[in-house]
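Welcome! Then let's walk through it together, starting with its aromatic rings.

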Amino acid sequence: MKNNKKFLSLIIIFILVETSIVASNFATLYDRDDFEVQAINSLALRSSNNGIFDSFPATKTSLQDALNRIDITKLNSYELKLYNKVLTMLDEKSNLYNDDNSSVNGDIIFSGSMRSYRTNSESLKQYELLEQYKDNLPWIDTRMQIDFGDYIYGYTQFEFQDENFYDYDDDVPSFDYNLHSAPFNDDSAYKLNSMEPLKIGLSAGSDNFNFQFGRNRLSEGSGVTGNLIIGDNFSRQDYISYTLYSGFFSYHMSLTQFDLQESSDEMHPVSFNNDSQYRVINRFTVTPLNNLSFDFYQGALFKTQYVDYRMILPFMYVHNYFNFDQDSSTKGYNDEANNILGANLKWVIMRGLEVNIETVLDQYTLATETAGVFPNAYGILFNIKNSISMKNGSLNNYIEVVYTSPYLYLNEKKDSIKVENYNYDWILGNYLSGDVDEISYSGYIYGPDNLVLAYGFNYLSYNEWSAGTDFIFRMDGTKGIKTDENSSVSIGVVDNTLFMVGTPEISFTISPNVSFDINKVIFFNGIFGFVGKINRFHDITSSVNYSIQGAISATIKLL
C-alpha cells in the first residue's frame, strides 16, 4: 500500500513538472543567488546529477532542464517537498497584471545598508572590504518584469542611489551607510544615479534557443570564491548573448562592452564616439552523462569603436589576432587583441558529491610567436562540493583551491611611444559618475599571482533562509589584486616566472554570513568577519594587520 502511494505521488509530480514547463515563460531570467537556483542545484546533487548550467543570468529553460534531469526516486520526503515548492515558484503568476498572452510584475523597494570595520592600521582600502561596492544596495529602486507570451521576457531596475562610494584603492571610512548624505544635494547631477538603470534588458527564446541583450550581472563557472573567465566582479555589465540548447550539446556566446581606460585606474566617460573594450567569449558544452559535463571556452578582448558581426561567430577570432610583438601599434601585425582559452569539467562522482575543475590559458602562443610576449599565462581552480540532506534544509560544504600565474590577464603591450597600453589587459571597468570608476578583473576576483585555499559551509533552509561561514587563506604576489599597480609597472625583461612575484601578502579571512526573508516582504543580509594580514602591501617590514568587519542590509518590498 505504501509503495502504491509513493508511485501515485511520483506520477502526480511528473504531471506537475510537465504542466509547469508548458505554462511558463522560457525566457525568464534568474540570478545565481536566487533561492530557486540554489534549491535546484542542491536537489540535483542529491540525485547524482549536474545542476543548472553555470552561466548567469540563467533562463527558466536552464532551470527546468536541470529539474527534468533530477531522478525524483532518489529524493527523500523532505527533498520531494522542496521539489514541489520549486515547481510552484517557477509557475507563480504576476502580482500586478496577467492574462492569457502577457503579464506584468513590479516592485518598489526601499533599502538600507551599512558597513563598519575596526583595524589596527589607519584605514582600509576599498578592495580590502568583505562587502564590495558591487554589492551595495541603492536606497530605493523600482523593478518591473514583463512577460509576452511564453517566449519573451523584459525587465528593468532603476536605482536611486547616493553615489558617495569609493574608487578601487581609495581609503574608506570605518563607518559608512548608504544614506549618509542627502541624494538631492548640490552635487546631485553627479551623485544621483536616477536616470541610469542598474539592470535592464530583454530575453527571448524557447526550450532550444535564447537571445539576451541589456545590462545585468554576469558570471560563468562553478567556482565559489570566484571564476576564472567571467567573474561577477561588477555591479553591471552591458552585453548581448545567445545560447543554443540540446540534451547533449549547447553553445553560448556573450559579447560585453566596457569603457575605455585612459590610464591604469581611470575610465573614459561614456561616449559613442570613443573606442571601447569588448570582451567576446564562446562556450561549448558537452554533456555525455547526466552527472558529467565538459566546457570549452575561447575568446578575445578587443579595443575598437565598432562591433563587428564576426565577433559573434564561433571560432572566427580563435587565432586571427597574433601576439608576435610587445608593441601593440607599431609593427602592423594586426595583434590588437588579447586571446584566452579555457576548459571546465563538472562531475558528480556520487550522490551528494561534486568535483569541478576550471582552467584558463591567457596569451596562448604558437611555436612561431616568440618575439617577447609573455606566453601561456594560466590559472586553475579546483573544488569539491558536498550536500547533506536534513529535515528542513540542506547542509552544503565546499573545499576550493585556486592558483593564478603572475601574468594571467596581463597583456602589458606598449603603444607607439612605449607607454603601457592598458586596454589589452583583462582589467576592465565602467565610468560611473564624477571622478569615480568601477574597475576589476574580467575573471578571478583577486586577479593574477594568487594562491587561494578556501573552505566553507552553508545551511540552506527550505523556508528560504540561509547561514554559513567561509574560511579563506590567500597568498597575493605583487602582480595581484591592485589593478592600478599591475598596469603601471614595466615588465622589464620577459621571463617565465611561475610563482610568485615579489614579497607575497598573506591573509586569512573568517566570514560568517546570514540571509532571510519575512513573508517575502522584508529581506535581510549580513556578513561579518575577521581578516588578518602579514606583509600588507607587500612590505616585509610591516607589522601584522588585522580588521574586524561587518556589513548588513535590509530591503522592504512595497508591492
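Rings of Phe, Tyr and Trp (its six-membered ring) count as a pair if their centres lie within 6.5 Å. This is a predicted model, and the structure holds 14 aromatic pairs.

**A pair to find first**
- Y378 and Y403 form a tilted aromatic pair, with 5.8 Å from centre to centre and 55 degrees between the planes.
- Y378 belongs to strand β22 (residues 377-390) and Y403 to strand β23 (residues 393-404), so the pair ties together parts that are 25 residues apart in sequence.

**Other aromatic rings**
- One aromatic cluster is formed by Y242, Y251, F284 and F296.
- The ring of Y446 has a charge over it: the charged end of R474 sits there, 4.2 Å from the ring centre.

**The whole protein**
- How many helices and strands can you look for? The protein has 6 helices and 30 strands.
- Of its 559 residues, 55% count as buried.
- Among contacts with a separation of 6 or more, 69% are between residues 24 or more positions apart.
- The protein's accessible surface comes to about 24000 Å², and 61% of that surface belongs to carbon and sulfur atoms.

Key. Residues numbered from 1 in each chain as written. Predicted model: local features only at pLDDT ≥ 70, side-chain atom pairs only at ≥ 80, totals over all residues. Heavy atoms only, no water. Helix = DSSP H or I, 4+ residues; strand = E, 2+ residues; numbered from the N terminus. Buried < 20%, exposed > 50% of the residue type's maximum accessible area, 1.4 Å probe, protein only. Contact = heavy atoms within 4.5 Å. Areas by Shrake-Rupley, 256 points an atom, 1.4 Å probe, with all protein chains shown as cover. Phe/Tyr/Trp six-rings, centres within 6.5 Å; stacked < 30°, edge-to-face > 60°. Lys NZ or Arg CZ within 6 Å of the ring centre and 35° of its normal.
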